[in-house]
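Welcome! Here are a few exercises to work through with the structure open beside you. Try each task before reading its solution.

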Amino acid sequence: LQKAPLSADKSPNFYSLKGGGENAVITTGYEFFDNYYLSGSLQIEEGEAGIVFYYQGDEEQEANEELINKAVAAVYYALTLLFSGNDPDKREIRLWHYSGKERRYLARAQVPLYDIQWYQPAVKVLDEQIICYLDDFEVFRVKEKINSGGKIGFYANSKEELRFDDVLLK
């Protein structure tokens with residue numbers, strides 16, 4: 001009997017999502033979602049990826065097939081992990097707000113992030129407070145005047161394929 005190493009491509013969970021791209025966002029849900037806890041798992045080797053929350057966009061523009069692969073007028077928050085360089089101790093977790101074409105950082109920190117590992121970023125949004133977690137450990141607590149709700153989703157900025165899984169919204 002031979003044992004084979006575990007492989008994400010042969011995961012028994014066939015509901016995981018593979019993706020990538022340049023500043024790509026995929027969303028679900030409704031714009032009236034608010035005051036929630038959101039978590040999602042991701043596996044990335046290079047680039048930046050994470051969860052998107054309080055997403056508000058132009059639904060007509062999003063549905064227009066002629067505009068696919070072009071910027072959509074959207075406003076959202078994201079908690080992302082940045083994998084760049086060879087030193088795992090110099091990688092970052094970032095909380096940011098995107099409005100139109102501009103990214104504004106609310107918090108960021110260097111954290112040890114290792115290649116080919118699953119990570120679980122999470123946020124809890126309560127009124128004007130955003131609490132950010134990485135693998136169930138609180139990383140940031142930020143006060144922010146937040147818009148009135150929004151969809152949830154994932155963010156990817158990577159030439160390499162990455163994986164998302166285990167979404168929890170409550």
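This is a predicted model: local features need pLDDT of at least 70, side-chain atom pairs count only at pLDDT 80 or more; totals for chains, interfaces and linings use all residues.

**Exercise 1.** With which residue does Asp-115 form a salt bridge, and how far apart are the closest N and O atoms?

*Solution.* Residues are numbered from 1 along each chain as its sequence is written, and side-chain values use heavy atoms, leaving out hydrogens and water.

Step 1: recall that a salt bridge is a side-chain nitrogen of Lys or Arg within 4 Å of a carboxyl oxygen of Asp or Glu. Step 2: the partner of Asp-115 is Arg-91, with the closest N and O atoms 2.9 Å apart. Asp-115 sits in the loop between strand E6 (102–111) and strand E7 (118–119), while Arg-91 belongs to strand E5 (residues 91–99), 24 residues apart. Strands (E, at least two residues) and helices (H or I, at least four) are DSSP runs, numbered from the N terminus.

**Exercise 2.** Which residue forms a salt bridge with Arg-104, and which parts of the chain does the pair tie together?

*Solution.* Step 1: Arg-104 pairs with Glu-144, the closest N and O atoms being 2.6 Å apart. Step 2: Arg-104 lies in strand E6 and Glu-144 in the loop between strand E10 (137–143) and E11, so the pair ties together parts that are 40 residues apart in sequence. Step 3: Glu-144 is buried because its relative accessibility is 12%, whereas Arg-104, at 39%, is partly exposed. Across the whole structure, a search finds 8 salt bridges.

**Exercise 3.** How many residues of strand E3 are buried, and which strands are joined to E3 by bridges?

*Solution.* Step 1: in strand E3 (residues 47–57), 10 of the 11 residues are buried. Step 2: E3 runs antiparallel to strand E4 (residues 74–83), and 9 bridges join them; two strands pair if DSSP finds at least two bridges between them. Here Ile-51 stands opposite Leu-79 in E4. Step 3: E3 is also antiparallel to E11, through 6 bridges, and Ala-49 stands opposite Ala-156 in E11.

**Exercise 4.** Which residues of the largest nonpolar core touch the most other members?

*Solution.* Step 1: a nonpolar core is a set of buried Ala, Val, Leu, Ile, Met, Phe, Trp, Tyr and Cys residues joined through side-chain atoms within 4.5 Å. Step 2: this core has 32 residues, and those touching the most other members are Phe-53, Leu-79, Leu-81, Leu-95, Val-123, Ile-130 and Phe-140. Step 3: E11 gives the most to this core, with 5 residues. Step 4: apart from it lies another core of 8 residues, among them Val-52, Tyr-55, Trp-96 and Tyr-98.

**Exercise 5.** How many helices and strands does the protein chain have?

*Solution.* Step 1: go through the elements from the N terminus, which read β-β-β-α-β-β-β-β-β-β-β-β. Step 2: that gives 1 helix and 11 strands.

Technical notes:
Buried means under 20% relative accessible area, exposed over 50%, partly exposed in between (1.4 Å probe, protein chains only).
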